[in-house]
Amino acid sequence: MSVYTTPPKSIRENLARAKSYLNRDDCERALETGIAAVSEYAAIKVVGEAKFKMEVAFIEYANDLSRHQLIREFFHANRITREPFVQYARGEEKKLIERLEAILQGLRHAATEKAEAEAGASKLKRDKLYNTGLELMTKGELPRGKAYLRRYVDDYGGEQGVYTDIGNIYLRHKLYPEAAELFDLAMEEFPNDPRGYTGAVAAYTEIGSPEKVEAVYLAVLHKFGPHPKTLLNISKFYLGLRQREKAYDYARQAYAKDPNLLEAKDIMDKLS
């Protein structure tokens, strides 16, 4: 065992970090760095005044831990009220390490349980908002249903698929402006998800806004390329607007890419 008249710098630094973490209420890191300091000290032999100073430092560290509010709450939650909760006696480094490791493990376990409980509560809240909103919409209570689904969107709209899911519910209940708003958000925030574009075309078609439908179709071509069925749909869109040249041109492109699209050929034949 190495003998030191001055404790290694790493021990003093870890103790300083432990106290700093404790002051910031980061008890887990305070314990980790404290364990590292005491473990390193236990593996060497410090003599003279340096030994006395290190023992005093460990006593202060243990006392600071024992008095910290979060540590007190941890022990009280486990029905332990006898103090001090952490203490150090000369030559009992191993005992201190075991105590610190037990507290650290307990804190981590408590944090895991808390996170799981919060996740469970969050899922319950999410399911309630969605299911209640959907049920009310199905019953025809649209204003109340929208209120629940709006809260659902506000809380979880950052997840891909939420805007389009609720947008499609609005579509089924003929709430076309509300659906269009959500599909616009889907296209903006998740531009690689084709469901937003599909929904937007449906919503703006029902609203009777051909310029919006056209803009969405052009965005689809720009983002995903000229897929034959997309070209066919655009052709049918222009056909509905009696824009014969555009309808023919897109039908021609669709048929050229996929000769099995007989509907595209029918449009060409009709417009020839």
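**Salt bridges and their exposure**

Reply: Glu 159 is partly exposed, at a relative accessible area of 37%. In this predicted model, the side chain of Glu 159 meets that of Arg 126 in a salt bridge, with an N to O distance of 3.0 Å. The pair links distant parts of the chain, 33 residues apart: Arg 126 belongs to helix 5 (residues 93-138), whereas Glu 159 is in the loop between helix 6 (142-156) and helix 7 (162-172). Arg 126 is likewise partly exposed, its relative accessible area being 22%; the value lies above the burial limit, since buried means under 20%.

This pair belongs to a structure that holds 24 salt bridges. Another of them joins Asp 193 to Arg 195, whose closest N and O atoms are 2.7 Å apart. Here Asp 193 is buried, with a relative accessible area of 6%, while Arg 195 is partly exposed at 43%. Elsewhere, salt bridges with shared partners connect Lys 9, Glu 13 and Arg 17 into one network.

Lys 9 counts as exposed, with 55% relative accessibility, and Glu 13 is partly exposed, with a relative accessible area of 31%.

Methods
Residues are numbered from 1 along each chain as its sequence is written. This is a predicted model: local features need pLDDT of at least 70, side-chain atom pairs count only at pLDDT 80 or more; totals for chains, interfaces and linings use all residues. Side-chain values use heavy atoms; hydrogens and water are left out. A salt bridge is a side-chain nitrogen of Lys or Arg within 4 Å of a carboxyl oxygen of Asp or Glu. Buried means under 20% relative accessible area, exposed over 50%, partly exposed in between (1.4 Å probe, protein chains only). Helices (H or I, at least four residues) and strands (E, at least two) are DSSP runs, numbered from the N terminus.
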